[in-house]
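Please examine the model below with attention to its aromatic rings and its opening helix.

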Amino acid sequence: GAGVTASIAQYIGKKDKKNADNCAQHAVFLGVIITLFLTVLGVYFGEDLLRLLGAEDSRILSTAYSYLEILIFGIGGVVFSLFFRAILAGEGETKIPMIIGLVGTMSNLVLDPIFIFILGKGVDGAAIATVLSQVVMLAMYFFVIFIMKKTFLSFDFSRFHYSPSILKMIFVIGIPSSLSMLIMSFGQAVMNKILINYDSYQVIGQKGYTIAKIGAELKSNGVIIMPALGEAYVAAYQIVSRIDMLLFMPCLGIAIALTSIVGMFFGAKEFSKLVWVVKYGISSAIIITVVSVIILFLSAEKILPLFSSNQEVLSVGITYLKIIALVYPIVAISVICARICQALGKGMPLLVVTIVRVLLLTAPLSLYFRARGFDIEWVWYSQVFAIFIATFISFLFMQFYFKKFGIVRTVSKS
């Protein structure tokens, strides 16, 4: 999706509508190919993939595969909705995808209880509701794009011509972006595994001990050691991650908008406007995240209980939220810098930054702290450290490409 958005934006900036149209048409054909690939993958290798993801229990595997079998029928809706949203974003249209996304979400919320409870379909009902919601979204995109023709771009497939250069532009940005998402999903799974097995103990019966790694010496002295609080750590991590997603939606919206606007200005060689809009976007994101940090610090004890009533989860979650919230402005800068690089036609910075943050820093440091018996807070500190390093690298990449393409030099001369 990101590759399609940036490529279309650059062609529009160059006032090359013919190639912008052709790029959108390439995206549609790519959607067909990807849908077929994922469908075959799900049908023939679905159970193996679920086992790989940890569904080893036969009952869980059966339930998960039953859900997946139905979901496969809606995979085309997911793929094409993603590409149509990217196409519209490339031409600067964000309101229509927002409305369609909202309708899809509301449809799912309405259909879920109908199929799960009223019709008694259970897990299969949830899958059916999801597929129908995707169908609704896809139908709306088709209506807007092909019936009402509300887009700047044209979809006259009789004028389609295969272009290796267009595919290259899409893949140079799109493949690193897709790999980054896979790495982040893998990183979350690894983090859950680390947290569920975190070697900390709740120590009862000896004054002065709370949560710490306690050795065999204490066991021999008759101290009662309760099992590790892994489940509480995982729950707290998941809850704070959901809060992160919610609070970063405005910043993500700014980053997506910058991909389109920066791509257009870059294609048009309007470098002074490009730099201005980048500064404006970064400053806006920082202001939004700083306000979010203040709100979270003042109300963390009231926000977390909305997600859980478990006191252990709340204790860990409140501490984690207050630690990770401190770097929200830094995360916003990192996300925007990576998106700007995509708008300039460079997708590798995002992949490099994701590898460094997730695979080279956060996971190894968390494993090290667990092995050495550090308190759980050190895992949160490792994430903060990784975010600072990742943001620094993202900013360096953006500065490098600004100099490489003469953006900084041109602005300083003017």
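This is a predicted model: local features need pLDDT of at least 70, side-chain atom pairs count only at pLDDT 80 or more; totals for chains, interfaces and linings use all residues.

Residues are numbered from 1 along each chain as its sequence is written, and side-chain values use heavy atoms, with hydrogens and water left out.

Student: What is the geometry of the pair formed by F146 and F155?

Tutor: The ring centres of F146 and F155 are 5.3 Å apart. Their planes meet at 65°, so the pair is edge-to-face.

Student: Is F155 buried or exposed?

Tutor: Buried means under 20% relative accessible area, exposed over 50%, and partly exposed in between (1.4 Å probe, protein chains only). F146 has 21% and is partly exposed. F155 has a relative accessible area of 14%, so F155 is buried.

Student: Which helices hold Y237 and Y320, whose pair ties together parts 83 residues apart in sequence?

Tutor: The rings of Y237 and Y320 have centres 6.1 Å apart and planes at 25°, so they are stacked. Helices (H or I, at least four residues) and strands (E, at least two) are DSSP runs, numbered from the N terminus. Y237 belongs to α9 (residues 230-247) and Y320 to α12 (residues 311-325).

Student: Over the ring of which residue does the charged end of K17 sit?

Tutor: A charge sits over a ring if NZ of Lys or CZ of Arg is within 6 Å of the ring centre and within 35 degrees of the ring normal. For K17, the charged end is 5.3 Å from the centre of the ring of F152.

Student: What distance separates the end C-alpha atoms of helix α1?

Tutor: The expected span of a helix is 1.5 Å times one less than its number of residues. Helix α1 (residues 2-13) has twelve residues and should therefore span 16 Å; the distance between its end C-alpha atoms agrees, at 16 Å.

Student: How many of the residues of α1 are buried?

Tutor: The helix is mostly covered. What covers its buried residues includes α2 (17-52), α4 (75-90), α7 (164-196), α10 (249-267) and α13 (328-343), where contact means heavy atoms within 4.5 Å. The number of buried residues in α1 is twelve of twelve.

Notes:
Rings of Phe, Tyr and Trp (its six-membered ring) pair if their centres lie within 6.5 Å; planes under 30 degrees apart count as stacked, over 60 as edge-to-face and the rest as tilted.
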